[in-house]
Amino acid sequence: MTQRFDISIVGGGMVGASLAVALAPLGVKVALVEAVPHGSVSQPSFDERTTALSNGSRRILETLGVWSDISPVATPIRKIHVSDQGRFGFARIDAAEQGLAAMGYVVPNRALGTALWSRLQASANVHVSCPAEVSRITQGEHEVTLEISGPGTGAGIETHLVVAADGAQSAVRAAFGVDAESRDYEQTAVITTVLPQRFHEGIAYERFTGTGPLALLPLEGGRCTLVLTLSRAMAEAAMAWSDAEFLAEVQRRFGFRLGRFLKVGRRVPYPLSITRATRTSAGRCVIVGNAAQGLHPVAGMGFNLGLRDVASLAELIAERRHASHFDAGAAGLLAEYDAWRAADRGGVIAFTDGLVRMFANPLSVVQGLRNVGLLAFDLLPPAKAALSRLSSGAGGGTRVPKLARGVALQ
């Protein structure tokens, strides 16, 4: 049996599920196809990692009615402290100085997944196929046919628009003939939770070291998420270290701003690379989230950028859905989406990649310049305000989606 939909989202991770929630109240027919149930230990999006949400992302989730389920376990970031190991330069950003309650919020991915999928399961407007996979895509002039395989499925889908939200190695993106530029950073992020001797006071730390950045994000109960970036060989060794050996290395790299590190949780390695789709749409397909751009976690902007993909696309669909011949995959809609997302996407990708390259450069003259740059940044309030705007998608005159401004879609 074949079912017809306006929009079919392939991938129910953080970005795909957020888009489905955003579209649910708009009166359009939506299908969501996801291979792994959100509560499964093998679900790659909703694992033990945490995500740093910008204020713009918080407003999007709040406007979608999801934030109230997440806020009890969200830890506010009151300040951000950036430093370069072995150098005297540092930079600080204080939310209070920017007139903000917080610079952002750290949330457990599992809590985010539970909140999003609870909304989806309560929605009558989103047809969910999970666990299920798209086994074949057939493109037509006016619609796309998806063959779905999985337990209890076997049905086909005819849809006006396909949304590729299936990650950095997107099969949907490839099926529509869109290439992706990829570069391996030859680094691995070892992610875990640590308990420091002193309370973090809501401060997020980013410390650049000779082998890569180290990030500490505040969590409830005085704990911190640790993202330790290492060379591939060192990361492999670090996974075999005892807890005492691992904490000693973290202490050496970070210092004693939070006293001694007392405990460490389970360590999980994640190889790092940057992936950028050459286009954000093709035919009747639009590409969002990590399928469009997979970023280094150094600035914590990946999901925030993907959520703005969601908010932009949902707004364009909301504006057109009452048309007498509404077509979610119309060329004009996709062209407007591409143009809207270009500046925000390009700016964040360039900023993130440039940051990685600058702090990985071993040349002494570059090290000296970045040291002076950190000091200058710390002394220039306009620079801090500009970075705050960039993280919310409001930099460079970019059009900010309604959802990111707290305006519900009508």
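Start by selecting R252 and E249: both sit in helix α7 (residues 243-254), three residues apart, or about one turn of the helix. Helices here are DSSP runs of H or I with at least four residues, strands are runs of E with at least two, and both are numbered from the N terminus.

Before going further, note that this is a predicted model, in which local features need pLDDT of at least 70 and side-chain atom pairs count only at pLDDT 80 or more, while totals for chains, interfaces and linings use all residues. Residues are numbered from 1 along each chain as its sequence is written, and side-chain values use heavy atoms, with hydrogens and water left out.

R252 and E249 form a salt bridge, with their closest N and O atoms 2.7 Å apart. A salt bridge means that a side-chain nitrogen of Lys or Arg lies within 4 Å of a carboxyl oxygen of Asp or Glu. The cut-offs for relative accessible area are under 20% for buried and over 50% for exposed, with partly exposed in between (1.4 Å probe, protein chains only).

Next, select R4 and E143. Their side chains meet in a salt bridge of 3.0 Å, N to O. R4 belongs to strand β1 (residues 2-10) and E143 to the loop between β9 (133-139) and β10 (144-149), so this pair ties together parts that are 139 residues apart in sequence. Both ends are partly exposed: R4 has a relative accessible area of 44% and E143 one of 24%.

Move on to D184 and R232, another salt bridge, where the closest N and O atoms are 2.9 Å apart. This pair links distant parts of the chain, with D184 in strand β12 (residues 180-196) and R232 in helix α6 (residues 232-238), 48 residues apart. D184 is partly exposed at 42% relative accessibility, and R232 is partly exposed at 31%.

Now select E315, E319, R320, E336 and R399 together: salt bridges link them in a network. A search of the whole structure finds 17 salt bridges.

For the last stop, select G177, in the loop between α5 (171-175) and β12. G177 is exposed, with a relative accessible area of 59%.
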